[in-house]
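Please look through the sequence and the model shown here.

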Amino acid sequence: MLATPTAVAAKGILLMEYNDNADISGASVNRAGGGVSGGRIAVGGGASLIVLILALIFGFDPSGLLGGGTGSGDTAAANPVTSCTRGSDIAKNRDCRWNAYMASIGQYWSGAPGFPGFKATSMTIFSGQVSTGCGTASSQVGPFYCPVDQVIYIDTAFTAQLLAQLGAKGGDAAEAYIIAHEYGHHIQNLLGTMAKAQSSTLTGAGSASVRLELQADCYAGVWFRHSTDNPNGVVKSVTQDDLNRIIDAAMAVGDDAIQKMQTGQVNPEGWTHGSSAQRKKWVATGFKTGDWTQCDTFSATNLG
Ligand SMILES: [Zn+2]
C-alpha cells in the first residue's frame, strides 16, 4: 500500500505529498505573541541540552517540572494562523505544514470508529518560552501537551534542532509523528486514560508513564495508516521513506538511546517513555492494525 518514494527535497527538508485542494483552514494553530515569548534560547553544548530535555521529551503535563504559576491569561494573546487554508499554501509558506498536520490528525480522530466524545485540540507555536495552563514552559522541555488547557505546545525551530541532535533524519513525516503523538495525549485526556495513569506511583520500564507514552506512539501510527484514506484529505500519498522517518524519530527519542548518549549506560528504572525498540514496536502496531483500540499498552504483558 506504500508508494515508491516520491518525496522531493526542498531546502534539505523532505516533504510529504499534500493535496493542493485539501481544506486545512479548520486546524487550530496559534502563534504565541505579545509578551508571551521570551528570547530565543541558544542551543549549544549537546550534553547539557540533552539533560534538560530528558525529563519531558514528547511529554505531557509539565506542571511538576515547570516553574510554578497556574497559567495566566497570556496564551489568550496567541495569534491564530489564518493564512493557511489550502494544501497548496504549504508550497508557498512552509509554516502552513503545521496546520496541515493538525488538520489531518484531527480529521482521523473526528471519525475514528468507536471513539466517544471527540473534541479537537489546538496547537500553539512558541519561541523561547510560553505561558500555559500547566505553568511557564521553555523550549527545553520539548514539545508537550497540557491537559489543563488542552493545548499542544511546540517550539518548532527548537524541535528541529533537537531531532537533529538526537541523530534523527527529520522531515515532514517525523514532525507530523511528533504532533500525532502529542495529539495522542489529548485523546488519552478525553478518554480519561491520562488521569488514571497519573494516579499510578510505579516508575521505570513497566510504569504507567511508559505505557501512556507508548500508547501515544501507537495512536500516531494509527493516524499515519489512515492519513491517505480520504482522497480529498490533507495527505495525498505516503511513502516507505515517510514511514522510515517516523520510526527513525520514534527510536531516536527512546529512553535507552538518550541514556546511552548521556551516560553511556542504560538504566530501565529511569525510563519514562520507553526504549527505542518499544517505541518502534508500538508505532508499528498502530500502523499495521490501523485500529486505535489495539493500542492497549496498559493490558500488554510484554511492551516490546
Ligand atoms: Zn508523550
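The expected span of a helix is 1.5 Å times one less than its number of residues. Helices (H or I, at least four residues) and strands (E, at least two) are DSSP runs, numbered from the N terminus. Residues are numbered from 1 along each chain as its sequence is written. This is a predicted model, in which local features need pLDDT of at least 70 and side-chain atom pairs count only at pLDDT 80 or more, while totals for chains, interfaces and linings use all residues.

The chain has 10 helices and 12 strands. A residue is called buried if 20 or more other C-beta atoms lie within 10 Å of its own, exposed if 12 or fewer, and partly exposed in between, with C-beta atoms placed from the backbone. By this criterion, 49% of the 304 residues in the chain are buried. Two residues are in contact if their C-beta atoms, placed from the backbone, lie within 7 Å. Of the contacts in the chain with a separation of 6 or more, 77% join residues 24 or more positions apart.

A nonpolar core is a set of buried Ala, Val, Leu, Ile, Met, Phe, Trp, Tyr and Cys residues joined through C-beta atoms within 7 Å. The largest such core has 75 residues, and the members that touch the most others are Tyr177, Ala180, Tyr219 and Ala249. Helix α7 (residues 208-226) gives the most to this core, with 10 residues. Since 17 of its 19 residues are buried, α7 is largely enclosed by the rest of the structure. The length of α7 also fits expectation: at 1.5 Å a residue, its 19 residues should span 27 Å, and its end C-alpha atoms are 27 Å apart. Apart from neighbours within four places in sequence, Tyr219 is in contact with Ala180, Gly184, Ile187, Gly286, Trp292 and Cys295.

The packing of the helices can be described by their axes, which are lines fitted to C-alpha atoms, for helices over the stretch in contact; angles run from 0 to 180 degrees between N-to-C directions. Helices α5 and α7 pack at an angle of about 115°, with their axes 8 Å apart. On the side of α5, the contact is made by Tyr177, Ala180, His181, Gly184, His185, Ile187 and Gln188, and on the side of α7 by Leu212, Gln215, Ala216, Asp217, Tyr219, Ala220, Trp223 and Phe224. The crossing of α5 past α7 is right-handed. A crossing is left-handed if the near helix is turned anticlockwise from the far one by less than a right angle, and right-handed if clockwise.

Helix α7 packs against α10 as well, at an angle of about 40° with the axes 6 Å apart. That makes α7 oblique to α10. Here angles under 35 degrees count as roughly parallel, over 145 as roughly antiparallel, 65 to 115 as roughly perpendicular and the rest as oblique. The crossing of α7 past α10 is right-handed. Among the residues that make this contact are Leu214, Cys218 and Tyr219 of α7, together with Gln278, Trp282 and Gly286 of α10.

What is the span of α10 itself? The 14 residues of helix α10 (residues 276-289) should span 20 Å at 1.5 Å a residue, and its end C-alpha atoms are 20 Å apart, which agrees. Its buried residues include Arg279, Lys280, Lys281, Trp282 and Val283. The cover over the buried residues of α10 includes α7, α8 (240-252) and α9 (255-263). After α10 comes Gly290, whose phi is positive, near 65°.

A further helix pair is formed by α3 (residues 96-110) and α5 (residues 172-191), whose axes come within 10 Å and cross at roughly 45°. The two helices are therefore oblique to each other. The residues in contact include Tyr101, Ile105 and Trp109 of α3, and Ala176, Ala180 and Ile187 of α5.

Some individual positions complete the picture. Ala120 lies in the loop between α3 and β7 (122-125) and is partly exposed, with 17 other C-beta atoms within 10 Å. Leaving aside neighbours within four places in sequence, Ala120 is in contact with Ser28, Gly106 and Ser110. Gln150 is found in the loop between β10 (144-146) and β11 (151-154), and its phi is near 60°, a positive value in a residue other than glycine.
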